[in-house]
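Please look through the structure shown here before reading on. The paragraphs after it go from a single residue to the whole chain, and then to its parts.

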Amino acid sequence: MSLTLEELKENRNNVMSIMENRIIDMTKCDRKTANLIANEVLDLDREAEYLLKDTID
């Protein structure tokens, strides 16, 4: 079973909202700052996954 593009976008938005809310709770920052932090965390996660895959191969 694969997700449609709309379903993928919706899931990503849900993940971002959850991450933003957790960041806001932990740091007491505004939503814009929380969004920037969440995006940076996701970028770092993607980079780490790529680097780990590269070292395993």
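**A walk through the chain**

L8 counts as partly exposed because its relative accessibility is 45%; buried means under 20% relative accessible area, exposed means over 50%, and partly exposed lies in between, with a 1.4 Å probe and protein chains only. L8 lies in helix α1, which covers residues 5–27. Helices here are DSSP runs of H or I with at least four residues, strands are runs of E with at least two, and both are numbered from the N terminus. This is a predicted model, in which local features need pLDDT of at least 70 and side-chain atom pairs count only at pLDDT 80 or more, while totals for chains, interfaces and linings use all residues. Residues are numbered from 1 along each chain as its sequence is written, and side-chain values use heavy atoms, with hydrogens and water left out.

L8 also belongs to a nonpolar surface patch, together with M1, L3 and L5. The accessible area of these four residues together is about 510 Å². A patch takes residues with over 30% relative accessible area and no salt bridge, joining like charges within 9 Å and nonpolar side chains (Val, Leu, Ile, Met, Phe, Trp, Tyr) within 5 Å. Accessible areas come from the Shrake-Rupley method with a 1.4 Å probe, and for residues only the protein chains shown count as cover.

What does the chain look like as a whole? Its secondary structure comes to 2 helices and 0 strands. The C-alpha trace spans about 40 × 30 × 15 Å along its principal axes. The radius of gyration is 14 Å, whereas a compact globule of 57 residues would have one near 10 Å; the radius is taken over C-alpha atoms, and the globule rule is 2.2 Å times the number of residues to the power 0.38. Of the 57 residues, 16% are buried. The chain exposes about 5100 Å², and 58% of this comes from carbon and sulfur atoms.

The chain carries 8 positive and 13 negative side chains, and the centres of the two sets are 6 Å apart. Lys and Arg count as positive and Asp and Glu as negative, without His and the chain ends. The place of a charge is taken as NZ of Lys, CZ of Arg, CG of Asp or CD of Glu.

How many salt bridges does the structure hold? There are 2, a salt bridge being a side-chain nitrogen of Lys or Arg within 4 Å of a carboxyl oxygen of Asp or Glu. In one of them, the side chains of E20 and R31 meet at 2.8 Å, N to O. E20 lies in helix α1 and R31 in helix α2, so this pair ties together parts that are 11 residues apart in sequence. E20 counts as buried because its relative accessibility is 8%, while R31, at 43%, counts as partly exposed.

A salt bridge also joins the side chains of D43 and R46, at 2.7 Å, N to O. Both residues lie in helix α2, 3 residues apart, which is about one turn of the helix. D43 counts as partly exposed at 33% relative accessibility, and R46 counts as partly exposed at 46%.

E20 can also be located against two residues of helix α2. A34 is found in this helix, which covers residues 31–56. A34 and E20 are 14 residues apart in sequence, and their C-alpha atoms are 5.0 Å apart in space. A34 counts as buried because its relative accessibility is 0%. K32 is found in helix α2 as well, and its C-alpha atom is separated by 8.8 Å from that of E20, 12 residues away along the chain. At 65% relative accessibility, K32 counts as exposed.

What lies between the helices? K28 is in the loop between α1 and α2. K28 has a positive phi of about 60 degrees although it is not a glycine. Most residues other than glycine have a negative phi. K28 counts as exposed because its relative accessibility is 66%.

Back in helix α1 is N11, which counts as partly exposed at 38% relative accessibility. The C-alpha atoms of N11 and T27 are separated by 24 Å, with the two residues 16 apart along the chain.
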